[in-house]
Amino acid sequence: MKSNILHSLLLSAATLLGFTVCGHTQTQVSGAGATFPAPLYQRWAVEFAKENPDVQISYQSVGSGAGVKQFLAKTVDFGASDAAMSDKEIAQLPGTVLIPATAGSVVLAYNLDGVAELRISRAALEGIVLGTVKKWNDPLLVKDNPGVKLPDLAITFAYRSDGSGTTYVFTNHLVAMSEKIADEVGNDKQVQWPVGVGGKGNEGVTALVKQTPGSIGYVEYGYAENNGVPMAFLENKAGKFIMPTPESGAATMADISLPENLRAWAGDPAGEADYPIVSFTWLLLYPEYSDAARGTALKKFVDWGLTKGQSFAKELGYIPLPETVIAKSQAALAKVQVK
């Protein structure tokens, strides 16, 4: 028994020190940030390790706000954010390299017994987040859903309580859609919602919706899809009700042109087939890495994610990057210096 315990302790110590059981040095690379792409980044880490057993990538799903803070504090090797970084944040660390790594849709997941399909117009969405549409049988929702029996049940709006790129993407669409929301809520990683209950991370909001009858909340597509939570059809700028799917998200992404700084959002896309809330999500890299082993391993991992890693996107609910975006991301990655 004592020898087994000692063996376990030695294995744990070896892992912490960066050694594998066979005695070879293993390079440890750590990242933290957005919950939006976490399932994909964590899958990448597993698949990358199969081809590169000498490298261990760890990614903490802490939210975009916390991820940017840890990145700026230099407590991680890379960060991740659905809101990229603002000019003010980049000014704290000049030369920061932003890399669009994948894309996805923000959906309205809901919990309504017996309602398999739900349509939400722009006017109804404005009312839900501002608290003026209070019940599911509100005339606005009834009008959008002919033949659907909507209950006389209070609406519980579930939102992100932490600093979140998902909130940034969601409010970026809302303020483009509604002057009233722009005035009363605004666009940021964390906002003051007039109504609702908060959950931490996409995981927390998904759990809130699952356990709260009458609730509706915004989460990344993959979280709703993989948890079996129904998602609403949303009215786009062209007046069409669009179901969130990888295909409708890809239609939106095709219309986004990335500028030189690689920061762009769909806002309120105009295409008839466009799902209205879609965004890139970014990896945040330092301009220079003094630890050659870590820097080299990280660059190899990111390039792998931009190429081979894209093949895992669709099955997890993400949108594979167009080739033009991959080329721009690889050009940005080439700017990262390893000393």
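The model is predicted. Strand β11 (residues 278-285) has eight of its eight residues buried and is therefore largely enclosed by the rest of the structure. Strand β6 (residues 156-160) holds R160, a residue that counts as buried at 3% relative accessibility. The structure has one cavity of 30 Å³ or more, and its largest pocket contains about 250 Å³ of space.

- Strand β4 (residues 97-110) runs antiparallel to β11, and eight bridges join the two.
- Within that pairing, V97 lies opposite L285 of β11.
- Strand β3 (residues 78-81) also pairs with β11 in the antiparallel sense, over four bridges.
- A80 has L283 as its bridge partner in β11.

**Strand β6 and its partners**

- Four of the five residues of β6 are buried, and the strand is mostly covered.
- β6 pairs in the parallel sense with strand β8 (residues 215-220), over three bridges.
- F157 has I216 of β8 as its bridge partner.
- A parallel pairing over three bridges also links β6 to strand β7 (residues 197-199).
- In that pairing, A158 is opposite V197 of β7.

- R160 is assigned to β6, and its relative accessibility of 3% is below the 20% limit, which is why it counts as buried.
- The R160 side chain makes a polar contact with the side chain of D162, at 2.8 Å.
- A polar contact also joins the side chains of R160 and T166, at 3.5 Å.
- Leaving aside residues up to four places away in sequence, R160 touches T35, G63, T166, T167, G199, K200, G201, N202, V205 and Y218.

**Helix α9**

- In helix α9 (residues 201-211), the buried residues are G201, N202, G204, V205, T206, L208 and V209.
- The elements covering the buried residues of α9 include β4, β6, α7, β7, β8 and α10 (221-226).

**A three-stranded open sheet**

- Three strands form an open sheet in the order β5-β9-β10, with mixed pairing.
- Its edge strands are β5 (119-120) and β10 (241-242), each of which pairs on one side only.
- β5 and strand β9 (residues 233-235) run parallel and are joined by two bridges.
- R119 stands opposite F233 of β9.

**The largest cavity**

- The volume of the largest cavity is about 40 Å³.
- Its lining consists of V169, N172, H173, W265, A266, G267, P276, I277 and V278.
- Helix α7 (residues 165-177) provides the largest share of this lining, three residues.
- By class, the lining comprises six nonpolar and three polar residues, with no charged residues.

**The largest pocket**

- About 250 Å³ of space lies in the largest pocket.
- The pocket is lined by I90, T96, V97, L98, E260, N261, L262, R263, K328, A331, A332 and K335.
- Both β4 and α13 (323-334) contribute at least two residues to the lining.
- The greatest contribution comes from α13, with three residues.
- Six residues of the pocket lining are nonpolar, two are polar and four are charged.
- V97 belongs to this lining and is also the residue that stands opposite L285 in β11.

Note on methods. Residues numbered from 1 in each chain as written. Predicted model: local features only at pLDDT ≥ 70, side-chain atom pairs only at ≥ 80, totals over all residues. Heavy atoms only, no water. Pairing = 2+ DSSP bridges. Buried < 20%, exposed > 50% of the residue type's maximum accessible area, 1.4 Å probe, protein only. Polar contact = N/O pair within 3.5 Å; in protein donor to acceptor, adjacent residues only side chain to side chain. Contact = heavy atoms within 4.5 Å. 1 Å grid on protein atoms, 1.4 Å probe; cavity = no way out; pocket = protein on both sides within 12 Å on 5 of 7 lines; lining within 4 Å. Points joined across faces, edges and corners; volume = space filled by probe spheres on them. Nonpolar A, V, L, I, M, F, W, Y, C, P; charged D, E, K, R; others polar.
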